[in-house]
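Please read the numbered points beside the sequence and the model.

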Amino acid sequence: MGHNGAREASLMKRAAFWCAAGLAVLLGTAAALVALAVYRPQLLRPMVQRALAPRGGSATLADLRLTLSPPTLTLSGLAIAGPPKEGELLRLDYARVEWIPGRFSREGPWLRHVEARGLVFERSRPKETTGPPDLTPITRIFDVEDLSLTDARIRMALPQGILEADGLRVRLAPGEGGIRSFIGEGEISFRRNGSTLARGKITSRGKVTPGPAIDADLELAAARLELPWLSGDVTGRSTFHVTRKNFEARELSLSLPNALLRPVSDAVRPLEPIRLSAAGSASLDGKEPALELRGLDVGGLLRARGSFRGPALDELSGAAEGEVPRIERVKALLGSALPARLAGMEMTGRLPFRIVLSVREKKRMLELELLPREVLLSLPDAGLRCRFGGTLKAGSPLQEWLRGRASGDWKLSARAGDVLYQGRALPLGKLDARGAGRAADGSLRIEGVDIRSETLGRVTGDLSIRDGSPGGQMKGDGLPAAALLSLAEALTGRKWSGWSPAGTIDVAARLEPAGGGPRVTSTIGFDRVGFSSPGGDVMGSALAGRIGLEARLESRPRLTADVNVDRGEALWGTVYLNLAQNALDLHAAGTRTAPGEYKDLALDGGLAQFGRLNLKGTIRRSGGSWRHQGQAVLNETRLGPLFRTLLTEPLATSHPDLAALRMDGTAGVELSFSGSEKTADLKGRLRLRSVDVRREGQPPLLSGLELDLPIEYSLGEPDPGRPRPTQAAAWGRLRLKELRVAGQEPGPLDMPVALVPNRLYIEGAIDASLFGAKLNLRRIQVEEPLSPDFRVTLAAQLSGLDLARIYESKPLLEGHLEGALDPVHIGRERLTAVGDLTGELFGGKLDVRSVTVERPFSPGPEVGGDIDVALLDLERFSEALGIGRITGRLSGSLKGLRIAYGQPVAFHLKMESVPVDGVTQLVSLKAVNSISVVSTGSGLTGVGTSLLTTFFREFPYAKIGFESALKNDVFTVRGLIHEDGVEYLVKRRLFSGINVINRNPDNRIGFSDMLERAKRVTGERAQ
C-alpha cells in the first residue's frame, strides 16, 4: 500500500505540473496576441481575416486596433463574402467596441459602448428556411450600455421578392437606474419583378430595462402599398415587449384608409378603409406562438376575429369566425374579374364563415366552413332566383390548401316558394341538396349530389370543373308527370288547368367539356304515360318513347332534339292514332347566333305511314317582331292513311256513307317562305299523283287526278289582285280522268292552273252533264284560296236542263231551263249569281234570277232565288200536282224563296189567272175542295155541295187569285179578289160557277200544318 500511495502522489504532482505549464503557455500566447494586437496589429490581421472567412467564402479587413485602457477594439473596412452559390455579403465601414472587464461575470451590460457605421448586409439569392426565424440575437442589446448604429442597409432576396431596408439608424443611450432609452428608424421596401410593391418608413421608440426587457412602440408611416390588385397608403402601429426568452406584440394595428381595388387591369374601384387589429407572442426561438386576431375589416366586405396558439409555429391551432356582411358588394367589386358565365349572376345576403386550424396525425389541417343564411341568388339571363341557406365545409392539410387542394361536403336547402323563374314560384316544395367536393390541381369535383324535392322526387349526380370547363351528370328516375307539368306551367307562364297527366318519367343529363364550350346531353324516357285535356278532346294513353336533347353551350349555342314515340294511343278531337302502328319520330335543331337571332333551324319528322316533313330556315327579331325565312319539303305523302285518319274514321258515325270510301295517291310540296309573325310569302310547287277516291266494290268516284301547281302566295296579306301569269313556266297542270258526282260524270279534264298572290287561276272550261243538261264552267278563279275567307268567281252556262229529270222517280215538273250566270261568286258563307235562267214550265214561260246559297259547304245549305212564271198551263200543272182539274193560264211570282234540307223556309207567292182567247177556265169540284183544304183546313161540306156533285163535275170561273207567304215557320194564305168586303180565292162567273171564299183572312198556321193539308189533297205527290 505504501508503495502504491507514493506512486499515485508522484503522478498527481506531474499532472499538476503539466496543467500549470499548459495554462502558462495559453496565457503567454494570449498575452502575445494581445501585445501584437496593441502594438503590431498589422501582423495579426491575416489571422483575423482567415478566422472570419466562412467555408467557401472570403474575408478582408482594412484595419484592426486594440487598446487596453479602456479595453477597446476598432475595425474598419471589413468585408465578408459567403460562398458564391449563397450570394451573401457583409460589409462594415467602421466599428468600435468598448467593454467593461469587471462585468463579465455579473448581470447587466458588459459592453460600455458599441458604435458601427456603414453596415451593409446583402443576400442576392433566396435562402430556403425551415421553421420560424430565431430572434435570440436581439437579446445582445441587453449586453450593450451605449449603442450607435448609423447608415446601415439590408438587402435580402426572398422567394416572394426582394426586401430592402435603407438608412437604418439605432441609438441606445444610458439613463438613470440602468434604464436605457431606445430609438430607431429606417426605410423599408419590397420589390418584385422590378416593381415596388410596398414601401414606408419605420420609427421605433422605447426603453431597455434592467429586467432585462425591451419595451418599445413601432410606427409605420408614409407607407404605400402597390399590389397588382390592391393599392393605397398604409399606416400602422405596434407595441412590443421583449425579454431574453419571449417576444410579445401587445398591440398591432394596420390601416389602409383609401384603398383601391383592381379586379382587372382596366378597372379601379375604391374601397372603404381596411383595418387590422391583432396581438401575438412567442419565445425568441419560435416556440409557444400565439396570435389573437382582434378585428379584421376588409373595406366592409369581410370581417373576422379569432385566436391561434400552439407549441410551435408548425403546430399552431385555433379558429377565426367572421362574415361577408353583404355578398352583393363583393360581387359588384369582383364582377368584372368573374368568368363570363358568372358575370351576370347576382347574390345578396350575409355569408358567415369559420376557419379552423389544427394538427392531426402530425399534419396541419385547415378547415373552412361557409354558413349562408337567407342568401338570394339571381341569374337574370336565365330568369332564375333562389333564396337558400345551408353549410359548406372543406378541410385538408394546410400544404394541400397552398397547392389548391381541398375536400369537403355541402348541404343547401330552400323553402317552398323560394325558387322563382321569371318572377313565378316553381312548385318544388321544400328543396334539399347535398354532396361532397374535392379541389385539386386546378379542378373541382362535386360528388354524390343528391337533390330532393317535395313534389318532383329525387335527382342524383356529380359535377366537375377542370381548367374552367364544367362537366358532370344528373339522373332522376320515376319523376311524376303531374309534378313535371306543374313545373312546366311555372316555367312557361302558361296554365294547363284541367289537364290530368299520369305516369312517371325518367331523366338523365350529362355535361361534358367540348371544343368551344361545354356540351349538355339529356335523355328523357317515358313508359305508360297518359294525359287528358280539360274537355277530353285531346287524350293519350300508355304512351312510351324517348326524347333526346343535346345543347352545345358555345358562343353560338346549338340545340338538337330527337323525339320518338312508338307505343300508346292518342286522340286529337276526332283524329285517333295508334302509335304502335304509326310511330312518331321527330328531329329538330337550331343555333342561336346572337340575341334574337337563330340560324340553321331544322325540323324533320313524320308518322310511319304518312310521310315526312322537312323544314329549314332562320328566325330573327327585328323592329319588335320576329322575321323568318326558310324552305319546307313534304315528301311523297300517302294520301290513303291521311284520308282514313283525318276524314273517314273521325266522321264515320255522323256520315256513314264515308266509312266505305277509300283514297289512294301521293302528295308532295316544296316551298320557300319568308315573312313575319303574321305574314308569310310562299313560293314553290304542289304535286298530287295518281289520286283515286272510291267505294269498295264500286267504280271510282274520282280517278286519275294529277296536279302540278306552281305556288306563289302571301299569307296574312290582302289580295293584291295579280293578273293571270303570262309566262308558260308560271302555269301548272290539272288532269282528271274520271269524276262521278250525283250520277253525273264531268270530265276528263286537262287544264292549266296557276297560283299567284293571292289567286288561283284555272284556265279553259269544265264541261259537265247535269240532269241531262250541259253545264259549262269557265273563267274560274279563287281569291285567297288558303284562307277561310276564300272566294270563288266563275261564269256558268246551262243548256237544255229537263226539269222532269230532277225527280225522275216521281216527276213533278214539266219543262226546261237554260241560261247564263255571270259572274258567280262563291264564299265560305254565301254563293251569289248574277244573270237569269229562262225556260218553259208547264207550257208557260219560266224566269229564275237572284240565285243565292247560304252556307254552301255546310250539311244543310240554304238555296234562295226569285222565280217568275207567265201563262203557265193550269191543266197540266194541276194534273202533275194531283189536286183536281183546273184549266186556264196562270201567271205570277215566287219572291224570296229559301229552301233548306229540301223544304222551304221562306217565300212570298203571288199567282193570278190570265184570260187567254180560246182557253177555257174551268175548275173541278176536287180542285175547289183542294183549294179549300189548303187555304182553310177543311173541304166543301153540306147539302148544297152534295146536290152540286150530283149534277156538275166542273165549274167555270172568272178569276183565280191568291197570295201566300212563309216566314218564321208561319204560313198565311190571302185571296187577291175583293168584292163587297168579301175575299175570294176563286171567283165564279156572273151566272154560273162556284166561289172559294177565304173566310178567315187572318188565318195563320204552322208550316208543318200546311204540309199536312197538302198531303191530304195530293196524296203521294206531297211526300
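1. Two strands are said to pair if DSSP finds at least two bridges between them. Helices (H or I, at least four residues) and strands (E, at least two) are DSSP runs, numbered from the N terminus. Residues are numbered from 1 along each chain as its sequence is written. This is a predicted model, in which local features need pLDDT of at least 70 and side-chain atom pairs count only at pLDDT 80 or more, while totals for chains, interfaces and linings use all residues; side-chain values use heavy atoms, with hydrogens and water left out.

2. Overall content and confidence. The chain holds 11 helices and 60 strands. Of its 1023 residues, 36% count as buried, where buried means under 20% relative accessible area, exposed over 50%, and partly exposed in between (1.4 Å probe, protein chains only). The predictor's confidence in each residue is pLDDT, from 0 to 100; its mean over the chain is 83, and 88% of the residues reach 70 or more. With contact meaning heavy atoms within 4.5 Å, 49% of the contacts between residues at least 6 apart in sequence join residues at least 24 apart.

3. A region to treat with caution. Over residues 942-952, pLDDT stays under 50, and the model has four contacts for them beyond four places in sequence. Where pLDDT is low, the predicted coordinates should not be read in detail.

4. Strands 8, 9 and 10. Strand 8 (residues 180-192) pairs with strand 9 (residues 195-209) in the antiparallel sense over 13 bridges. Their hairpin has two residues between the strands, and Asn193 takes a positive phi near 55° there. Strand 9 is in turn joined to strand 10 (residues 213-226) by 11 bridges, and these two run antiparallel; the hairpin between them passes through three residues. Ala198 links both pairings: it is the bridge partner of Phe190, and its own partner in strand 10 is Leu225.

5. Nine bridges pair strand 52 (residues 889-900) with strand 53 (residues 903-913) in the antiparallel sense, and Ser891 has Glu912 as its bridge partner in strand 53. The two strands form a hairpin with two residues between them, where Tyr901 in the turn has a positive phi of about 55°. Strand 53 also runs antiparallel to strand 55 (residues 954-967), with six bridges joining them; Lys910 is bridged to Glu963 of strand 55.

6. Helix 8. Which residues of helix 8 (residues 874-881) are buried? They are Leu874, Ser878 and Ala880. At the start of the helix, a side-chain oxygen of Asp873 reaches to within 3.0 Å of the backbone nitrogen of Glu875. Gly882, with a positive phi near 75°, follows the helix.

7. Nonpolar cores. A nonpolar core is a set of buried Ala, Val, Leu, Ile, Met, Phe, Trp, Tyr and Cys residues joined through side-chain atoms within 4.5 Å. The largest has 80 residues, of which Val824 and Ile886 touch the most other members. Strand 41 (residues 700-715) gives the most to this core, with six residues. A second, separate core of 15 residues includes Val324, Leu428, Ala483 and Leu487.

8. Gln781, in strand 46 (residues 773-783), is buried, with a relative accessible area of 13%. Asp692, in strand 40 (residues 680-695), counts as buried at 18% relative accessibility; its side chain reaches the backbone nitrogen of Gly704 at 2.8 Å. Thr666, in strand 39 (residues 661-676), is partly exposed, with a relative accessible area of 22%. Thr666 and Gly640 lie 26 residues apart in sequence and 8.2 Å apart in space, C-alpha to C-alpha.

Definitions and conventions:
Polar contact = N/O pair within 3.5 Å; in protein donor to acceptor, adjacent residues only side chain to side chain.
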